Amino acid sequence: MLIPRLRKITCPQFLAFDKVLTSNGTPVYIIKDDNAEVLRIDFLFKAGAFSQEKPLQSSMTLQMLKEGTAKHNSEEIAEQLDYCGALLDVRNMQNCAFVSLTLTNKSFDTLWPLFCEVLSCPAFPEHEFQLMQHTLKQSIRLREERVSYWARRRFYNNLFGNQSSIGHIRTVEDVERVSIDDLKSHFKKYYNLNNCAVVVAGKVTANVIKELESFLNNSERNVFESVKYPFVKCKEYVSRDYIKKEGAVQSAVIIGKPAPSFSDEDYDSFEVLNAALGGYFGSRLMTEIREKKGYTYDITSVVQSSREYSTFGISAQTATEYTDSLIADCYAEMQKLIERKMSKSELEKLKKYLHGEMLRNVDGLFSAMGQFEFFLRNGLDASSFRQSWDAVSAATPEEMQRLAQKYFQPSSFCQVVCGA
């Protein structure tokens, strides 16, 4: 039996794309794969939570796009999609709202007119709005029973405040304050073809491009000033926050702080340090706190970044009797990184893992498309992928210790615990 030869992982070539600027100025990015029999069309609007005037206004507007148009009700939309084996998806983020259609090429002519209706003339029916309000309120009430929900929301609330869409803690009253007119107003202002980019991936035929350009060039456009979101700075935050939850059998713990942003020279290297601490299954937190001591089933550390903000956080749930021990061990693992250099063997294993994850992120058409859209909505370009790859390759034990000494000082953290 032939055994494949082992070789060093090298940085892949980031996927090629064509950029088309329509006559009305909407940028369209085309990622072709003629071997694919599927197609995905994503509209990225600068209509995320940062743009809303009321809490939940942006996410509720986005959800209502699927609930009926001027010509089709929600049942008819769902029936057509189901018959063609297609997916109409919406995703709301802080800086972006996605409206996405995934379909086979043979169903394009059938579903494209319907997708255009969703994008241009949603009906915002009263009955569907009331159902959504009811569902949202039930969802909020259920989440409020979870210790993990309160720990996460209070963490962001401490860092960014309740007036920020990042830090705001959602309530049932928030749902009740949003009206259909609020959704229509948000749609009219922000779901504008002057305020979006389009990404198309798959078997992109001449007919697909023709129909897309026709829609973009002939659709009504409002006079619109380009949206620019500023970087959101953290406010002064408490170092310790405890939320008592009667009857809870577990505690949810989050230990975090602001993190280096994309524009910070430490950003890529800090991602390596984060992975060593708690960013993968073989990390120090997982090995020490889960595998050796059994305090928790899952413990992770994550860097959450966008163009507008960046945070670092360790999160875990544990039986209430182990809460203090788990917290102490989290700080102890960070202190080890401050005091002692990481071994070369640990760092080499970490580099192989991170390079493998980067390969996975661009393996396959739609995975690569997602990576491309991440760069697009955050003002980055394809060179950022190579920059991150090189930063992993160049990481040294000395650099990891320097970053730990800079960012892992115990007094700089916001520690949130929710439990009995």
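Q: Why is Glu291 called partly exposed?
A: Glu291 has a relative accessible area of 45%, and because buried means under 20%, exposed over 50% and partly exposed in between (1.4 Å probe, protein chains only), Glu291 belongs to the partly exposed class. This is a predicted model, in which local features need pLDDT of at least 70 and side-chain atom pairs count only at pLDDT 80 or more, while totals for chains, interfaces and linings use all residues. Residues are numbered from 1 along each chain as its sequence is written, and side-chain values use heavy atoms, with hydrogens and water left out.

Q: What makes the contact of Glu291 with Arg290 a salt bridge?
A: The closest N and O atoms of Glu291 and Arg290 are 2.5 Å apart, and a salt bridge is a side-chain nitrogen of Lys or Arg within 4 Å of a carboxyl oxygen of Asp or Glu, so the pair qualifies. Arg290 is itself partly exposed, with a relative accessible area of 23%. The structure holds 22 salt bridges.

Q: Why are Lys292 and Glu288 said to be separated by about one helical turn?
A: Lys292 and Glu288 are four residues apart in helix H10 (residues 284-292), where helices (H or I, at least four residues) and strands (E, at least two) are DSSP runs numbered from the N terminus. Their side chains meet in a salt bridge, at 3.6 Å from N to O.

Q: Which salt bridge does Lys351 form, and why does Lys351 count as buried?
A: Lys351 is bridged to Glu348, with the closest N and O atoms 3.6 Å apart, and both residues lie in helix H12 (residues 344-361), three residues apart, about one turn of the helix. Lys351 has a relative accessibility of 10% and therefore counts as buried, while Glu348 is partly exposed at 41%.

Q: Which residues are linked in a network of salt bridges?
A: The network of salt bridges links Arg40, Asp42, Asp89, Arg91 and Glu373.

Q: Why is the pair of Phe43 and Phe115 called edge-to-face?
A: Among the 28 aromatic pairs of the structure, the rings of Phe43 and Phe115 have their centres 5.8 Å apart and their planes at 75 degrees. Rings of Phe, Tyr and Trp (its six-membered ring) pair if their centres lie within 6.5 Å, and planes under 30 degrees apart count as stacked, over 60 as edge-to-face and the rest as tilted, so this pair is edge-to-face. The pair links distant parts of the chain, with Phe43 in strand S3 (residues 38-45) and Phe115 in helix H3 (residues 108-120), 72 residues apart. Both Phe43 and Phe115 are buried.

Q: What makes the pair of Phe270 and Phe312 edge-to-face?
A: The rings of Phe270 and Phe312 lie 5.5 Å apart from centre to centre, with 80 degrees between the planes. Phe270 is in helix H9 (residues 267-279) and Phe312 in strand S10 (residues 310-319), so the pair ties together parts that are 42 residues apart in sequence. Phe270 is buried at 2% relative accessible area, and Phe312 is buried at 0%.

Q: Why is Phe124 called buried?
A: Phe124 has a relative accessible area of 6% and is therefore buried. Phe124 is in the loop between H3 and H4, and although Phe124 is not a glycine, its phi is positive, at about 50 degrees. Ring pairs join Phe124 to a cluster whose members include Phe43, Trp112 and Tyr191.

Q: How do you know that Leu56 is buried?
A: The relative accessible area of Leu56 is 3%, so Leu56 is buried. The place of Leu56 is in the loop between S3 and helix H1 (57-64), and its phi is near 75 degrees, a positive value in a residue other than glycine.

Q: Why does Asn192 count as buried?
A: Asn192 has a relative accessibility of 2% and for that reason counts as buried. Asn192 lies in the loop between helix H7 (180-190) and strand S6 (196-202), and its C-alpha atom is separated by 9.1 Å from that of Lys46, 146 residues apart along the chain.
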